[in-house]
Amino acid sequence: MSGGVTQVPDIQSIMTEAGRAIDGNPGEDASASASDADKLSDEELKSEFDKRGEEQSEEMYEEMTESYSIDDEIILDYNAQYVELNLNGSILFDSGKAEVREDSKMFLQKIASILVKYKYCIIEIEGHTDNVPISTSRYANNRALSAERARNVYEYLMSQENFIDANMKIAGYGESKPIASNATEEGRAKNRRVVIKIYNQQNSAN
């Protein structure tokens with residue numbers, strides 16, 4: 001990986017290499033190998049595709065953990081599609097508000113310096129809330145609040161680094177995707193979050 005960019009393996013290359021693995025003859029031409037790969041099931045091709053995505057995400061994850069000092073307020077994880085940064089919402093926003101707090105901007109500057117290395121990948125910013133109802137003159141419900149929070153994080157990141165706007169996405173999910181029980185304050189605090197997903201190169205191309 002260089003600058004967050006890896007060689008994108010398309011389905012044809014996956015089929016070609018899978019065909020070679022089955023045939024056991026690396027010298028055979030690609031068309032013959034691809035023909036063998038045609039015999040693979042959709043499930044086997046998907047498994048190979050997911051395996052490559054997992055490898056790319058793991059490489060990105062390891063690069064982040066080894067090259068940057070990841071803050072305690074960031075939970076880092078990955079899967080076959082993306083690396084995920086889970087940011088504690090309480091350090092970014094005051095209760096019921098969507099403006100980025102002044103004392104959290106240094107924190108977001110650090111996030112921007114990490115993300116910009118992967119600016120050629122799709123970067124998605126998601127806002128999430130707990131299930132405590134909100135209805136104000138500015139925000140009709142939690143989904144509206146979460147969407148505005150995601151937008152404000154996006155705008156601040158864009159002001160800090162030279163991101164590619166076409167690769168940036170934002171979404172507000174309100175309370176629809178909890179990661180903990182809303183029955184306790186601790187659980188609600190976990191659900192109030194901003195999630196930033198950096199899609200690996202393979203999934204950024206789809």
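**Briefing: fold, core and pocket of a predicted model**

Among contacts (heavy atoms within 4.5 Å) in the protein between residues at least 6 apart in sequence, 69% join residues at least 24 apart. This is a predicted model, in which local features need pLDDT of at least 70, side-chain atom pairs count only at pLDDT 80 or more, and totals for chains, interfaces and linings use all residues. Residues are numbered from 1 along each chain as its sequence is written, and side-chain values use heavy atoms, with hydrogens and water left out.

**Overall fold**

- The secondary structure comes to 7 helices and 5 strands; helices (H or I, at least four residues) and strands (E, at least two) are DSSP runs, numbered from the N terminus.
- The pattern along the sequence is α-α-α-β-β-α-β-α-β-α-β-α.
- Of the 206 residues in the protein, 44% are buried. Buried means under 20% relative accessible area, exposed over 50%, and partly exposed in between (1.4 Å probe, protein chains only).

- Helix α4 spans residues 105–115, and its buried residues are Phe107, Leu108, Ile111, Ala112, Ile114 and Leu115.
- These buried residues line one face of the helix, because they fall within an arc of 160 degrees when seen down the axis of α4. The arc is that of the directions from the helix axis to the C-beta atoms.
- An α-helix has 3.6 residues a turn, so residues three or four places apart point the same way.
- The cover over the buried residues of α4 includes α3 (42–67), β1 (74–78), β2 (82–88), β3 (123–128), α5 (142–160) and β5 (193–199).
- The largest nonpolar core has 30 residues, of which Leu85, Leu87, Ile111, Ile125, Leu157, Ile196 and Ile198 touch the most other members. A nonpolar core is a set of buried Ala, Val, Leu, Ile, Met, Phe, Trp, Tyr and Cys residues joined through side-chain atoms within 4.5 Å.
- At least two residues of this core come from each of α3, β1, β2, α4, β3, α5 and β5, and α4 gives the most, with 6 residues.
- Apart from neighbours within four places in sequence, Ile125 is in contact with Ala150, Val153, Tyr154, Leu157, Met168, Lys169, Ile170, Ala171, Val194, Val195 and Ile196.

**The largest pocket**

- The largest pocket has a volume of about 240 Å³. Of the 15 residues that line this pocket, Ser95, Gly96, Asp130, Arg149 and Arg192 are the closest to its centre.
- A pocket is, on a 1 Å grid over the protein atoms alone, an open set of points where a 1.4 Å probe fits, with protein on both sides within 12 Å along at least five of seven lines; lining residues have an atom within 4 Å of a point.
- The lining divides into 5 nonpolar, 6 polar and 4 charged residues. Ala, Val, Leu, Ile, Met, Phe, Trp, Tyr, Cys and Pro count as nonpolar, Asp, Glu, Lys and Arg as charged, and the others, Gly among them, as polar.

**Three partly exposed residues**

- Asp94 is in the loop between β2 and α4, and its relative accessibility of 38% makes it partly exposed. Leaving aside neighbours within four places in sequence, Asp94 is in contact with Arg101 and Arg149.
- Tyr120 is in the loop between α4 and β3 and counts as partly exposed at 48% relative accessibility. The C-alpha atoms of Tyr120 and Gln201 are separated by 8.1 Å, although the two are 81 residues apart along the chain.
- Tyr78 belongs to strand β1 and is partly exposed, with a relative accessible area of 24%. Beyond neighbours within four places in sequence, Tyr78 is in contact with Glu54, Ser57, Glu58, Tyr61 and Val83.

Notes. Grid points are joined across faces, edges and corners, and a volume is the space filled by probe spheres set on the points.
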